[in-house]
Each structure stands twice: as C-alpha cells, then as structure tokens.
Amino acid sequence: MTTPRPIPVDSLLAVMLEAGAAVMDVYASDFEIFGKADQSPVTEADRRGEAIIEAALKLIAPDIPMVGEEAKSEGKCPDISGGTFWLVDPLDGTKEFIKRGNDFTVNIGLIEDGRPTMGFVYAPALGKIYWGIVGKGAWMADVKGGRMGTAQAIACRKADAANMVIVASKSHRSPELESWLAHFPAADHVSIGSSLKFCLLAAGEADLYPRLGPTCEWDTAAAHAVLAAAGGSVTVGGGAPLRYGKDTKTFLNPWFLCTADPSLPVPPLGG
C-alpha cells in the first residue's frame, strides 16, 4: 500500500470545521432546493462547502487533483490518471439535511493507487468529527462552538455473534437487503444516514454495514479510509476490496459490505 503523503492533518481538520460552519449557516436559513441533472437534490450548502474545500486543498496540496461531487455533476472532472486524488462530498445526506435531520456529513478522502489512505468525516449538526490515516490510526473528537475537543483514538471491535449490531440505511431498504439481513435474525439494527454508518463501525459501535444499492465514490471514500484506519474492511462481491477511480464517467460503486472485524464469516452480498 502506498504511504500517505505528508499532508498536514491539522490544516485539513481546520478546513472541515470551516466547511461545516458554512453548511450549518445554510441549515439555519430558509434555503432553496435545486435539482441536478440526475434529479437528486442540491442546496447552497453543498455548493458553498465544496468551494471552501476546493480552495483550501489547492493551497494545502496543489499537486493533487480534486474530484468534487458538485463539480462532477456540472461536468467538471480533473485528470486523475496519476492515481492520487481527492474525493470530496461537501454534504453527504442532503435529503436528511433538507428534512432538518442531523445525520449529514462533510467528507474529504485521499485516494492513492485506487485505495483510500486518509479520510475526514464531520457531522456538524451532531458535533462529531472523525478522521483516519491508514497504517497510523483513527480518531474522533467532539466539536462545540466551532472548536474541536480532545482527540480520542478509535478502533473496530471484535465480532460477538451473540451481540451483533448491523447498520442499515434509512432511505435505501430493498428486498435484496432484507434477504441478506435475514442471515442475522438476532442482530440489532441501527439506522443512520450518510457516511456516519462507516464511522459507527470504526468507533466500535457496530459490526456490519451492507450496502446493496447505488452510491458514488465521493459518498464512501473518506469514511472508508476512517474505517480501514480503525481496522475494518470494505469489500465487494467475491471479497475483493472496494477500489476507487474505477469509472471516471460515473464514479459509481458496486454493492459493498463494511466489516468491523474482517475475520467474521459473512454470507455473500445478495445471498
């Protein structure tokens, strides 16, 4: 695995807090909702957050291109053939944001050679920020008044078959997912939106997160890095790792499974 570049973590955490503050400013306003070409919703928070992150990343790491969800939706995508690039989702969970929920996130992930190596996930309405560097560890901190508290190291837990917790999407329940969940009839289920699902596994609060539905790479990259840094895994059908930069036209992911304890035997996706 490629060693992450010496990118200043403190600078990226500051960017996350700034983008989160901008998102919350919009959240507190009577904001307008727009529609993208694919009919998914977008708000001024998405656009403002991405502009802040893009400007900051150009200063922090000017040689690394950034793929942003909002820019890509407008047909703008840099050359990522060098293999190292940022994936940014300035507001994952826009539907929850619009409904005035609180489980939406700001996301910055670094991809090297198809794998996420560094990730930052901030839930500004919950006052929680998570980050991880693969090979070095993962952390979380509370945020109050725009200031971070003390960082706490986090790690995935070992699976206990008698006390399984499975995270499932609030908005994407399908017959295929329900069939897969039937393999774990005694498990507790937790529903939460956005990339926070990965973070629950990374923080030792859950065991599995199956996603049998559509996502894009910017939805998952940052939180995937946090989970991997905390000891977990994200795999696709057949057990191969979920990789990035697969299709630069769509940036779509296949179905995937997040596992806190990679030694846990699990049924195949869709099985």
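Analyst: From helix α1, the residues S11, L12, V15, E18, A19, A22, V23, D25 and V26 meet E44, A45, R48, G49, I52, I53, A56, L57 and I60 of helix α2, where contact means heavy atoms within 4.5 Å. By class, the residues of this contact are twelve nonpolar, two polar and four charged; Ala, Val, Leu, Ile, Met, Phe, Trp, Tyr, Cys and Pro count as nonpolar, Asp, Glu, Lys and Arg as charged, and the others, Gly among them, as polar. The model is a predicted one, in which local features need pLDDT of at least 70 and side-chain atom pairs count only at pLDDT 80 or more, while totals for chains, interfaces and linings use all residues. Residues are numbered from 1 along each chain as its sequence is written, and side-chain values use heavy atoms, with hydrogens and water left out.

Helix α1 covers residues 9–27 and helix α2 residues 44–60, and the two pack at an angle of about 160° with their axes 8 Å apart. Axes are lines fitted to C-alpha atoms, for helices over the stretch in contact, and angles run from 0 to 180 degrees between N-to-C directions. Helices (H or I, at least four residues) and strands (E, at least two) are DSSP runs, numbered from the N terminus. α1 and α2 are therefore roughly antiparallel to each other, a term for angles over 145 degrees. The crossing of α1 past α2 is right-handed, that is, the near helix is turned clockwise from the far one by less than a right angle.

Turning to the cysteines, the structure holds zero disulfides, a disulfide being a pair of cysteine sulfur atoms within 2.5 Å. C216 is in no disulfide, and the nearest cysteine sulfur, that of C77, is 12 Å away. C216 is buried at 15% relative accessible area; buried means under 20%, exposed over 50% and partly exposed in between, with a 1.4 Å probe and protein chains only. For C258, the closest cysteine sulfur is in C156 at 9.7 Å, too far for a bond. C258 is also buried, with a relative accessibility of 0%.

Most residues other than glycine have a negative phi. R100, in the loop between α4 (94–98) and β5 (105–112), has a positive phi near 65°. S194 has a positive phi too, near 60°, and sits in the loop between β12 (188–191) and α6 (196–202). R100 is partly exposed at 41% relative accessibility, whereas S194 is buried at 10%.

Strand β12 contains D188. Leaving out residues up to four places away in sequence, D188 touches M164, V165 and I166. D188 and A206 are 18 residues apart in sequence, with their C-alpha atoms 9.3 Å apart.

H183 lies in the loop between α5 (175–181) and β12 and is partly exposed, at 42% relative accessible area. H183 and P267 are 84 residues apart in sequence, yet 7.6 Å apart from C-alpha to C-alpha. D247 is in the loop between β15 (233–235) and β16 (252–253) and is partly exposed, at 32%. Between D247 and E217 there are 30 residues of sequence separation and a C-alpha to C-alpha distance of 9.6 Å.

Conventions
Angles under 35 degrees count as roughly parallel, over 145 as roughly antiparallel, 65 to 115 as roughly perpendicular and the rest as oblique.
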